[in-house]
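Me: I am new to this structure. Please take me through the terms used for it, one at a time.

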Amino acid sequence: MKLYTLPKGTYTETAGKKILKYLNAKLCYCQNIYEIFEKAKDDYGIVPIENSIEGSVNLTQDLLLEYDYKIVGETVLDIHHNLIGHSKEKIKIIYSHPQALAQCRKYIKKHGWEVKAVESTAKAVELASKNEEAGAIGSEGLAKLHGLKILERNIEDYKNNKTRFIVIGKKEIDGNFNKYKTSIVFELKEDKPGALYHILKEFALREINLTRIESRPSKRMLGTYIFYIDYEGLNLEVLESLKRYVSFLRVLGSYPILV
Ligand SMILES: O=C(O)C(=O)Cc1ccccc1
């Protein structure tokens, strides 16, 4: 069994290692989130889906709809970003994953550096290792891997910076877990006052706690949206009561919270 993740030293690799205690799998490395979705097939993949500063990883949200994986688990990591490079005084450009750049936006602006988004923090540190005027944002492990200095620690703009990672796959993870979640995506049948209220009411009536609700463009027309809802527990009966209000509804998964 394989668990596809981002390169060695990335936060996604760390999340992958964390869930190996629940999944007897071998870590396999991909260059980007796309490649994880491409390669996971009948194995598993782990990808970032949401951050406490920057919000959703839109690419992950969109790929969940394009591929037929289920979300089979989630885990949350504390994320501490470091400025990595040769010499802080020589830096003119900063490389990192878009999520990391966004989580350190104020820090970067304060220094007036040019910014370039790349597909992972690993790629960022690799580029910085070849250019004395470049810095990267990444983990302590990446600095060690590339023989670079940690020029400044904990440069994220806000404390308590956490990222939620999901495990994608076709088969559930065996085991008995304390907490479960269900994630769905749907589109409203009608755009009229109260349309979303009717959806939320069904959860409220059953005292089901929502942990996230988010709209994403339908990509068909400006102002038309699909909605993602995460809720606590495994109740699928509630979804029957939503059918009259939606033009489509897909269960992305009911899955354990892996601590
Ligand atoms: O590039 C990485 O290290 C990743 O794992 C993506 C990422 C970047 C920033 C926060 C969480 C995940």
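Me: Why are helix 2 and helix 3 called roughly parallel to each other?

Reply: First, a caution: this is a predicted model, where local features need pLDDT of at least 70, side-chain atom pairs count only at pLDDT 80 or more, and totals for chains, interfaces and linings use all residues. Residues are numbered from 1 along each chain as its sequence is written, and side-chain values use heavy atoms, with hydrogens and water left out. Now the helices. Helix 2 (residues 33-40) and helix 3 (residues 58-66) pack at an angle of about 25°. Angles under 35 degrees count as roughly parallel, over 145 as roughly antiparallel, 65 to 115 as roughly perpendicular and the rest as oblique. Helix 2 and helix 3 are therefore roughly parallel. Their axes, lines fitted to C-alpha atoms over the stretch in contact, are 10 Å apart.

Me: What is the handedness of the crossing of helix 2 and helix 3?

Reply: The crossing is right-handed.

Me: How many cavities of 30 Å³ or more does the structure hold?

Reply: One. A cavity is a set of points on a 1 Å grid where a 1.4 Å probe fits but cannot get out, while a pocket is an open set with protein on both sides within 12 Å along at least five of seven lines. The largest cavity holds about 170 Å³ of space. It has 16 lining residues, and the closest to its centre are Tyr11, Thr12, Pro48, His97 and Gln99. A lining residue has an atom within 4 Å of a point.

Me: Why is the largest cavity said to lie between domain 1 and domain 2?

Reply: Domain 1 (2-78 + 163-169) and domain 2 (82-152) both give residues to its lining, so the cavity lies between them. Helix 4 gives the most, with three residues.

Me: How many residues of the lining of the largest cavity are charged?

Reply: The lining divides into seven nonpolar, nine polar and no charged. Asp, Glu, Lys and Arg count as charged.

Me: Why does the largest pocket lie between domain 1 and domain 3?

Reply: Both domain 1 and domain 3 (180-256) give residues to its lining, so the pocket lies between them. Its volume is about 250 Å³. Of 18 lining residues, Ile71, Glu172, Gly253, Ser254 and Tyr255 are the closest to its centre. Strand 15 supplies the largest share, five residues. By class, ten are nonpolar, three polar and five charged.

Me: Which elements give two or more residues to the lining of the second largest pocket?

Reply: The second largest pocket holds about 210 Å³ of space. Strand 12 (180-188) and strand 14 (225-232) are those elements. Its lining has four nonpolar, two polar and six charged residues. Among them are Glu187, Lys189 and Arg220.

Key: Grid points are joined across faces, edges and corners, and a volume is the space filled by probe spheres set on the points. Helices (H or I, at least four residues) and strands (E, at least two) are DSSP runs, numbered from the N terminus. Domain bounds come from an automatic or database domain assignment. Axes are lines fitted to C-alpha atoms, for helices over the stretch in contact, and angles run from 0 to 180 degrees between N-to-C directions. A crossing is left-handed if the near helix is turned anticlockwise from the far one by less than a right angle, and right-handed if clockwise.
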